[in-house]
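Subject: Structure handover

Hello,

Here is the structure I promised to pass on. Please open it first, then read my notes below with the model on screen.

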Amino acid sequence: MSELTISSAQIIERFLSMELVRVTERAAVSAARLRGHGNEKAADQAAVDAMRRELNRLPIDGEIVIGEGERDEAPMLFIGEKVGLGTGPKVHIAVDPLEGTTLCAKDMPGSIAVMAMAGAGQLLYAPDVYMDKIAVGPGYAQGVIDLDASPADNINALAKAKGVKPHEISTLIMDRPRHAALIEAVRKTGASIRLITDGDVAGVIFCTEPEKTGIDLYLGIGGAPEGVLAAAALRCVGGQMQGRLILDTEEKRVRAHGMGVLDPNKKYDMSEMASGDVIVSATGVTDGGMLSGVKFGKDVIETETIVYRSITGTVRRIYGEHREFGKFKLD
């Protein structure tokens with residue numbers, strides 16, 4: 001192992017894991033100040049500003065590979081943007097400063113601030129298109145699920161592996177018209193369905209702790225960038241995930257090819273979406289099934305963050321109390 005590789009690993013292990021917590025905490029608090037105000041853009045911008053500010057304080061040579069969009073669409077945290085102090089390890093970063101903007105704007109459960117960091121080239125450079133996804137949590141033999149199998153086959157296989165009947169399997173699906181046939185197929189198996197309105201990243205992450213969230217299986221179509229973030233978290237705990245980009249127009253295929261996607265029909269497994277030493281940090285904005293939202297007290301702001309690291313398989317829950325004279329300083 002080279003001296004550079006050792007140095008990078010040590011920095012990530014001893015320093016960056018906790019620094020990423022600070023990044024998502026600041027984004028979550030900034031967005032939470034606008035909870036329930038009905039302004040999705042303002043809440044998202046507040047989270048973006050805070051996250052970018054904190055990332056630029058880190059001793060990294062970072063590049064955004066999953067972000068707010070192309071440079072001409074997003075003034076900050078755009079794909080390809082350089083962040084950090086320009087020193088330290090070269091890393092690629094995936095961010096969703098405010099996952100569930102509608103949830104935050106309406107003060108509904110499940111909004112989070114989330115990001116992932118890995119070595120250069122270890123996160124899929126995914127275009128901003130849809131992705132068909134399937135995911136389960138840890139504890140199952142490899143291949144228990146398959147994106148190309150029917151919902152019934154996947155549910156029956158998972159039930160057999162878990163040692164239960166199909167009606168005891170709980171699935172999570174986004175409540176979208178495009179999923180009408182999928183929902184009907186799952187219903188026919190007897191499995192239960194939890195429908196969510198938003199929160200594609202958190203939806204997959206629910207599979208990491210089925211004993212707490214009650215979710216065994218994630219199915220359906222959502223954003224490809226969110227899929228990469230979710231795969232990074234799931235890989236840290238040994239789950240399984242597969243995804244396929246939905247490139248249904250020539251413009252999308254050309255754009256994806258320009259980002260290195262040579263096979264438009266490729267079925268990606270989890271390790272192809274996120275490899276190497278990956279760290280994921282997510283902080284609750286609004287209360288949800290996985291994380292508590294930001295709580296504003298008279299002199300203290302409380303946050304809850306979950307941090308995953310793939311190389312060690314660790315999952316840490318961090319409850320923060322932020323004082324500084326009752327103000328959460330963002331500058």
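Start with a pair of residues. An unreviewed UniProt entry annotates D44 and E68 as "binding site". The two are spread over 25 residues of sequence, yet they cluster in space, with a largest C-alpha distance of 9.9 Å. Both D44 and E68 are included in the lining of the largest pocket. To find D44, go to helix α2, which covers residues 40-55. Keep in mind that this is a predicted model.

Next comes a trio. The unreviewed UniProt entry also gives "binding site" for D96, E99 and E226. How far apart are their C-alpha atoms? No two of them are more than 8.7 Å apart, although the residues span 131 positions in sequence, so they gather at one spot. The lining of the largest pocket includes D96, E99 and E226. D96 sits in strand β3, residues 90-99.

Now a longer list. Under "binding site", the unreviewed UniProt entry names E99, G100, T101, Y130, R176, P177, R178, D198, G199, D200 and G223. Which of these residues does the lining of the largest pocket include? The answer is E99, G100, T101, Y130, R176, R178, D198, G199, D200 and G223. P177 is found in the loop between β6 (170-174) and α5.

Two packed helices are described by the angle between their axes and the distance between the axes. Take helix α4 (residues 151-162) and helix α5 (residues 180-189). Their axes come within 9 Å and cross at roughly 40°. Angles under 35 degrees count as roughly parallel, and 65 to 115 as roughly perpendicular. α4 and α5 are therefore oblique to each other. Their crossing is right-handed.

Which residues meet there? From α4 come P151, A152 and I155. From α5 come L182, A185, V186 and T189. The residues of this contact divide into six nonpolar, one polar and no charged.

Then turn to P151, A152 and I155 in α4 and look across to α5.

Best wishes

Note on methods:
Residues numbered from 1 in each chain as written. Predicted model: local features only at pLDDT ≥ 70, side-chain atom pairs only at ≥ 80, totals over all residues. Heavy atoms only, no water. Axes fitted to C-alpha atoms, helices over the stretch in contact; angles between N-to-C directions. Helix = DSSP H or I, 4+ residues; strand = E, 2+ residues; numbered from the N terminus. Parallel < 35°, antiparallel > 145°, perpendicular 65-115°, else oblique. Left-handed = near helix turned anticlockwise from the far one by under 90°. Contact = heavy atoms within 4.5 Å. Nonpolar A, V, L, I, M, F, W, Y, C, P; charged D, E, K, R; others polar. UniProt positions renumbered as here; feature names shortened; annotations may be inferred. 1 Å grid on protein atoms, 1.4 Å probe; cavity = no way out; pocket = protein on both sides within 12 Å on 5 of 7 lines; lining within 4 Å.
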